[in-house]
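I opened the model to go through its contacts, its sheet and its backbone. My entries follow in the order I made them.

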Amino acid sequence: MTELTELSAVEIAERVASRDVSAVEVAHAHLDRIAELNPALNAFLHVDTDGALAQARRVDAGEVEGALAGVPLALKDVIVTKGVPTTAGSKILEGWVPPYDATIVERMRDAGIVVLGKTNMDEFAMGSSTEHSAFGPSHNPWDLDRTPGGSGGGSSAAVAGNLAPLGIGTDTGGSIRQPGAVTGTVGVKPTYGGVSRYGLIAFSSSLDQAGPCARTVLDAALLHEVIGGHDARDSTSIDQPVPPVVAAARSGDVSGLRVGVVREFGGEGYQPGVTARFTEAVELLTSLGADVVEVSCPHFDYALPAYYLIAPSEASSNLARYDAMRYGLRVGDDGEASAEEVMAITRAAGFGPEVKRRIILGTYALSAGYYDAYYGQAQKVRTLITRDFEAAWQSVDVLVSPTTPTTAFKLGERLDDPLAMYLADLCTIPSNLYGGPAASVPCGLSDDGLPVGLQVMAPVMADDRLYSVMAAVERAKPWSQPTTPR
Amino acid sequence: MPAISRTDVAHLARLARISMTDAELDAMAGQLDVILGAVSRVGEVAANDIPPTSHAVPLTNVLRPDDPVPSLGAAAALAAAPAAEDGRFRVPRILDEE
């Protein structure tokens, strides 16, 4: 008999709806697996056993229903949860219990989704490996010595390791897609503004976007539909219906779809096994009737440097709120020190090295005298990257590339080399700067036996196209996860 | 000549309200110099006549109806405070002594 933890979200929801199994039993099965495997994976920072079981009982009592009712979920710890500790992977928020829920948390609860707990991440979502978490790195179920990606590596490890069939991540420069790629799971960054940011702890507000993580494309689409849609509490929320993502995931039809291969993303610096699986995936799309052409996006080469000016600049402003006055850590308040001194001591103690690096970098890029050369110029490059996308949409419906240049790297390998770490986001950043949707779907294993992701990018509010392509790839290339971490 | 000196970093750290030890300043200056060297590539792009993009969604002045809704409340707001007193946040001194 298949273990409950091996089932997809759709399968769980069907069995719960038909009373074949109770939501409480499903929750217990996943909580047991977390108890067994979290010591090795460090995917969860906080397990909300009581909250999960209470929600499961509501589902069993028929108080809530929906296509995902009774399905457990791993929630990235950057999403605030009323009464449940939320740290964003930072010591500066350790012990903080938010007084309100994020909009997506309310929507998931109303849909009967069972949040198991909060998952590990790079501090304030700044990183590509979870090694910048204040609470230790997460480990990849495919190889415990390797990263499950970042920043959302806790959610990807939880989903890949069958600790939860669904996860929520947030993607500022690739933090949903890159963890998805390196753990062999599906990760979707919806259109910017397509999913509410209310209650998402801000890193870079013009780029941050929450989205689904799952083991199947349809599961991701169903979660996308639950969390998506307009929210009056987020002024950047798009007031349009959620694109037909579930229908696209069910159909998986790519015949006649015009697919552009991004010329700038490939070749030197890309692991041969990644290139091989990507090439096969493109050939597969051709064989399924897609019309594949090569497309040049000349400014994509400048996306990484532009991002590492824009995101730190916004972060330096956003993280000014951690001032030790109203919530969070306070250090050095001895009755003598001034508020300004207490702030400086607290922020020194509460922020880790990568967060400090980015705050200082952002402060520099926004300084008088450097603003035009750095932040201002990066914003102009952002315009040119958006124009590259818009030019591409004249001839193709979606763009594709490898999600990451390499498979999962070893923990520790890039920790002392910030630039090498930043390269993990090379292919994922353009969509954040542009605001369009993008996703990663597994497309096979590299020569090293580790998963490779195919990235699909689409125009603003054409999120459904991602799911058509992903479903086509998933159907043609099924494989199973290792059910026990190795 | 590095793009950013240790003195620059010390100034920026003060502006950003982050105390740093001498060792941290040394390490940070070296790392930031490498990072700035990489990100300054944006300057290679000819973009003088290109308008800047600050945001992906072209929305301005988004307003919602002015409907009164319950607010958080003082007790909930103060529950997470590092220090509170008489229904207020208690903070270290802000003004210098006379």
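I count a salt bridge when a side-chain nitrogen of Lys or Arg is within 4 Å of a carboxyl oxygen of Asp or Glu. This is a predicted model, where local features need pLDDT of at least 70, side-chain atom pairs count only at pLDDT 80 or more, and totals for chains, interfaces and linings use all residues. Residues are numbered from 1 along each chain as its sequence is written, chains are lettered from A and ligands numbered from 1 in the order written, and side-chain values use heavy atoms, with hydrogens and water left out.

**Entry 1, interface.** I looked up the salt bridges across the interface of chain A and chain B, and the rule finds two. I noted a salt bridge between R17(B) and E340(A), with the closest N and O atoms 3.8 Å apart. The contact (heavy atoms within 4.5 Å) takes 62 residues from chain A and 53 residues from chain B. For buried area I used the accessible area (1.4 Å probe) that two parts lose on being put together, summed over both. Between chain A and chain B that area is about 4,700 Å², and carbon and sulfur atoms give 69% of it.

I looked at K118(A), which forms a salt bridge with D77(A), the closest N and O atoms being 3.0 Å apart. K118(A) lies in strand β3 of chain A and D77(A) in the loop between β2 and α4 (103-110) of chain A, so the pair ties together parts that are 41 residues apart in sequence. Helices (H or I, at least four residues) and strands (E, at least two) are DSSP runs, numbered from the N terminus.

I traced an open sheet of eleven strands in chain A, with mixed pairing, in the order β1-β3-β2-β4-β6-β5-β10-β11-β9-β7-β8. Two strands pair if DSSP finds at least two bridges between them. At the edges stand β1 (44-47) and β8 (291-295) of chain A, each with a single partner strand, so one side of each has no neighbour in the sheet. The twist averages 30° from one strand to the next. Strands β4 (residues 166-170) and β6 (residues 210-214) of chain A run antiparallel and are joined by five bridges. I found A214(A) in β6(A) as the bridge partner of L166(A).

Axes are lines fitted to C-alpha atoms, for helices over the stretch in contact, and angles run from 0 to 180 degrees between N-to-C directions.

I found a cis peptide bond joining G150(A) and S151(A), with omega about 5°. S151(A) is in the loop between β3 and α5 (153-160) of chain A. R19(A) is not a glycine, yet has a positive phi of about 65°. R19(A) lies in the loop between α1 (9-17) and α2 of chain A.
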